[in-house]
Amino acid sequence: MAPVPCRIHGLTSEAGKALNGAAGFINKMDPSAGSTFGARQGVAIFGFPDNKAVKTENLEFITLPSTVLGIGVGRNFLRDTFFNAIATQDDGDGFDPSTGFPVVLRENISGECTRARGNLLVLKQLLARSQSAGCIAIQVRPTDLNIVRAANLVAAGGSCALPPPLDMEFEELAQLIQAFRAGGGQLLCTFDPHRSLPDASQPHFEGRGRERVAAVCRGCYLVYPAPNP
């Protein structure tokens with residue numbers, strides 16, 4: 001079976017609370033456990049090395065047809081102080097190296113915590129646009145694991161606050177998520193490692209981001225030329 005994206009919520013033990021808001025994939029689905037209270041599913045959680053056995057009632061999924069969007073934050077030159085924050089749309093057909101994923105939003109950003117703020121800025125605008133377009137189910141893949149968890153905590157009906165300089169941007173995002181949820185919308189944030197989507201969206205990078213991530217997961221490294229060395 002294909003991995004099913006999900007998020008964890010509602011755990012009350014001290015160890016469990018550390019997992020609330022975390023995103024992952026069910027990789028060992030037990031079909032007979034889907035409607036059984038107390039049954040557990042095998043979940044690979046982003047940021048945790050080992051699979052976790054999580055009760056079905058503590059997992060949330062997108063149950064409606066959804067739009068899948070990726071976020072990337074990067075720069076052209078190593079010494080650049082301005083970063084490009086982009087959103088790309090995955091139409092379900094996978095990555096085509098000749099065209100990349102279509103870019104649906106692009107912003108320029110600089111200053112403190114640029115990568116985290118870039119993810120927040122793009123996620124906020126994506127959510128506002130989706131609401132305006134009447135989209136009711138969205139799966140977004142930011143490249144900042146902390147932003148993923150914070151957004152998921154709010155999307156699951158909880159609360160979360162981030163420290164400066166992220167506090168004001170996240171407060172605005174939280175209000176958008178709450179309004180989206182109150183209107184019946186479903187939002188799930190999963191995680192894509194840094195550079196996967198930005199590389200994929202730009203053909204001159206040869207789509208090597210995903211190979212680089214896979215190499216790191218295997219304990220080795222894949223080096224490839226920068227476009228502007």
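In which sense, left-handed or right-handed, does α2 cross α4? Keep in mind as you look that this is a predicted model. Select residues 114-132 for helix α2 and residues 167-182 for helix α4. The crossing as α2 passes α4 is left-handed. Their axes come within 10 Å and cross at roughly 25 degrees. That is under the 35 degrees cut-off, so α2 and α4 are roughly parallel to each other.

Now show side chains at the contact. On the α2 side, pick Leu120, Leu123, Lys124, Leu127 and Gln131. Across from them, α4 brings in Glu169, Phe170, Glu172, Leu173, Leu176, Ile177, Ala179 and Phe180. Sorted by class, this contact has nine nonpolar residues, one polar and three charged.

Next, step back to the loop between β8 (103-110) and α2, where you'll find Cys113. Check its backbone: phi of Cys113 is near 45 degrees, a positive value in a residue other than glycine. Cys113 counts as partly exposed, because its relative accessibility is 41%.

While you're on cysteines, jump to Cys189. Is Cys189 buried or exposed? Its relative accessibility is 0%, so Cys189 counts as buried.

Technical notes:
Residues numbered from 1 in each chain as written. Predicted model: local features only at pLDDT ≥ 70, side-chain atom pairs only at ≥ 80, totals over all residues. Heavy atoms only, no water. Axes fitted to C-alpha atoms, helices over the stretch in contact; angles between N-to-C directions. Helix = DSSP H or I, 4+ residues; strand = E, 2+ residues; numbered from the N terminus. Parallel < 35°, antiparallel > 145°, perpendicular 65-115°, else oblique. Left-handed = near helix turned anticlockwise from the far one by under 90°. Contact = heavy atoms within 4.5 Å. Nonpolar A, V, L, I, M, F, W, Y, C, P; charged D, E, K, R; others polar. Buried < 20%, exposed > 50% of the residue type's maximum accessible area, 1.4 Å probe, protein only.
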